[in-house]
Amino acid sequence: MLAMAGLVLGALGVEPLAAFRAMFVAPLDSRYGWGELLLKATPLMLCALGLAPGYRAQIWNLGAEGQLTLGAIAGGAIGAFAAPRLGVFALPSMLLAGTLAGMAWAAIPAYLRTRWSTPELFVSLMLVYVAQLLLSYLVHGPWRDPAGHNFPQSPPIPDSALLPTLADGVRVNIGFGIALALAAAAWWFQRATFASFRLSVAGLAPAAASYAGISERRNVWIAMLCGGGSAGLAGVLEVAGPIGVLQPSISPGYGFTAILVAYVGRLHPVGIVLASLLMSELYLGGESAQLEFRFPAAVSGVMQGALLFFLLGAEFFIQSRLRVTALRHP
Amino acid sequence: MTPRLSLRGVAKRYGEVMANDGISLDVAAGEIHALLGENGAGKSTLIRIIGGLTRPDCGTLEWEGRPVRLQSPAQARALGIGLVFQHFALFDTLTVAENIALALGDRYPRAALSARIREVSATYGLALEPERLIHDLSQGERQRVELVRCLLPAPRLLVLDEPTSVLTPQAVRALFVTLRRLAAEGRSILFVSHKLEEVRELCDVATVLRAGRVRGTAIPRAETAASLARLMLGTEPAVTQREPRTPGATLLSIVGLSTASSPRGGATLRGVDLELRSGEIVGIAGIAGNGQRELEQAISGETLAGETRAGAAGEVRLNGVDVGSLGVAARRRMGLRSVPGQRLGRGAVASMSLAENSVLSGAAAGLVRRGLVQWGAARAVAAAILRRFEVRASGVEARAETLSGGNLQKFLVGREIEFAPSVLVVAQPTWGVDVGAARRIHDALLALRAAGAAVLVFSEDLDELFAICDRLGVLAAGRLSPLEPVGQWSTESIGRRMAGA
């Protein structure tokens, strides 16, 4: 992985060690940097925690990005238009609405899968683009802030309905705490509940699931609603946190990167917490390298992809042994 | 005269187990030589060595007087050694001729091949149509394909691994005629089996294996089945005692059950009637693939009688209640349990521990409360099963895939018995299990019967069915014969039913 990264950086004409410094050390040399690390890890962690149970059951929700967007729309709308009327209930109702909206968006592929056997993989993925266009329509059209100088933005969410930050001088907010709490809940879910056991059996041995009487339909619903709910929550935490307003772009692809996070974390909550921090670091490193060396933005994407590639490759070689044999002809 | 094949001191170790421990064996030209032994005695390892699939750790192998070192199956074939395995290696969607062509490589031009197949099948009485598709053929016909494929290069030693396990008694008879003719031509046959009567009928010499060693050689015709069994087992064969018992109330009744034909193939049930009463064991004889799995799943609830597919009909009642639309979990709560024929992947999840695998079917029996798995209880249940059925495993945390086939079978049968079912459906209860364990499983089934449960056993092993069942029926081509008391059946009458008469 490191050698490959070195090659890529070398090809870009940069001293690899300096680039590594810029990518991995520089972002964390300040309090603000650490805050950013946790801030970006939050949505990754949330989305990946929600996706993991489904992936264990081989239920492929690739649409966390769309569910995140819907969560942002629903939560952001309440924040931007109804916050003063709701008073102290504004933030809780935003979080609830975001979660439910994410679930509702995930319910579409779940319903189509259980009713018509439509592959949830494609439906959830295509709904990402529907969600993004819906958000774009809303902020360019009906929800555009009249006082916003014609920017495609909703009215700003009042400070009273924004998430409090964890300390002065950082942008990370209590959303990170919520994500950690969800990780603990996911850990308990995986260890203790029969629902999680059913998902694991279905993923490992579908015939055994049928023998055990495990309902595939119920598995699909649980997996999709987990994924949609936590992605929706991640979306509303973004608008109620660092962004503070609805705008055409809410996420730089957190919902997709979360798929990598889930796998790099080996679909285990503790692994996902660590993997989300690693991925967040790669995001920050990519940005910092863009600033310092004028790297193309794609470089951090290449790094993320290479990481997953090498991880899966390592897993393959741990589990199987490569044997070179000559073909013999009789 | 030089023997055709001669083994001296062949040994092969797998981990802690000596699969073969200094085996010596001579097969003469034109001889039908039995290799007799229990499951796990080392027969499979030995024939893999003879077939060039496995290399022995030590020992020598002489072919017609010349020492050889077999490096590959192709080399064994070139010498004139042909292997027919117990499990067929045929492509379902290809024709007979295509399957045979694939195995032979370019040795025969395709046009000539069909003619050769007809010629060989006519010579040995193995009727075959080269242009038919494999999935249209019965098990017996598929075996003929394997045999013909093996005979085309004219082997001088033919190794047959448990060739009769999937055949009806009549098909066994036909196979024996063919094998005798092959032997009369001077070909040698190594006939691997644990069926004593067949060995006595067919074979000239028997080499008996037990725990990886040769325990003796015998002239089977000069022995009795009991004396061969003693040689094979090392102890007196145990006899299962079945007390007479009057059956009670009907627990399971099936009327006119038919299943829809599936696009993926497989058998369809046609008008199956069945009644299972408290305190009896009912056996279903027949070769797997004749609707056994379909019937098992229709009873367990994996396929629902009420499913809206053309051709599906019939009624399944449990304790008088119509359960046609109830799924597996609901029926399990009513006391109906099953042990599927496929163990890894269906009866158990390979990569899960034995404790986790107890939860698989134990959710309805107190291992899950308010949505939470009771891991302590699950481990206790798994430990109880290991103790009661003497399952050899490193503990309740051992993954299912680390158990041998026989031990996993003991665990799966034990798991369902441990949950005290009122109706138990068992597919192939002792398949691949050694004699001691088979005895234990039979005793446990009889204990269930004594406790008033109803047991339905699917088995290909007629001896087993005769030993434990009160009533018997034969399932052939999706039709179930009337269930008659076991005393009214004979091997011949069951065989006629299997053949569809």
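How many residues of chain A are in contact with chain B? In this predicted model, 16 residues of chain A contact 29 residues of chain B. Two helices of chain A, α8 (194-204) and α9 (206-212), are the elements that each give two or more residues to the side touching chain B. That side of chain A is made up of 12 nonpolar residues, 3 polar residues and 1 charged residue.

The predictor assigns the complex an ipTM of 0.81. The pTM is 0.75. For chain B, the mean pLDDT is 84. A pLDDT of 70 or more is reached by 93% of the residues of chain B.

Within chain A, helix α5 covers residues 90-116, 27 residues in total. From its first C-alpha to its last, α5 of chain A reaches 39 Å. This is close to the 39 Å expected at 1.5 Å a residue. Just after α5(A) comes A:Ser117, which takes a positive phi of about 55°.

Chain B carries two assigned domains. Domain 1 spans residues 5-233. Domain 2 is assigned to two segments, 266-335 and 421-498. Taken over C-alpha atoms, the centres of domain 1 and domain 2 of chain B are separated by 32 Å.

Conventions
Residues numbered from 1 in each chain as written. Chains lettered and ligands numbered in written order. Predicted model: local features only at pLDDT ≥ 70, side-chain atom pairs only at ≥ 80, totals over all residues. Contact = placed C-beta atoms within 7 Å. Helix = DSSP H or I, 4+ residues; strand = E, 2+ residues; numbered from the N terminus. Nonpolar A, V, L, I, M, F, W, Y, C, P; charged D, E, K, R; others polar. pLDDT = per-residue confidence, 0-100. Expected span 1.5 Å × (residues − 1). Domains from an automatic or database assignment.
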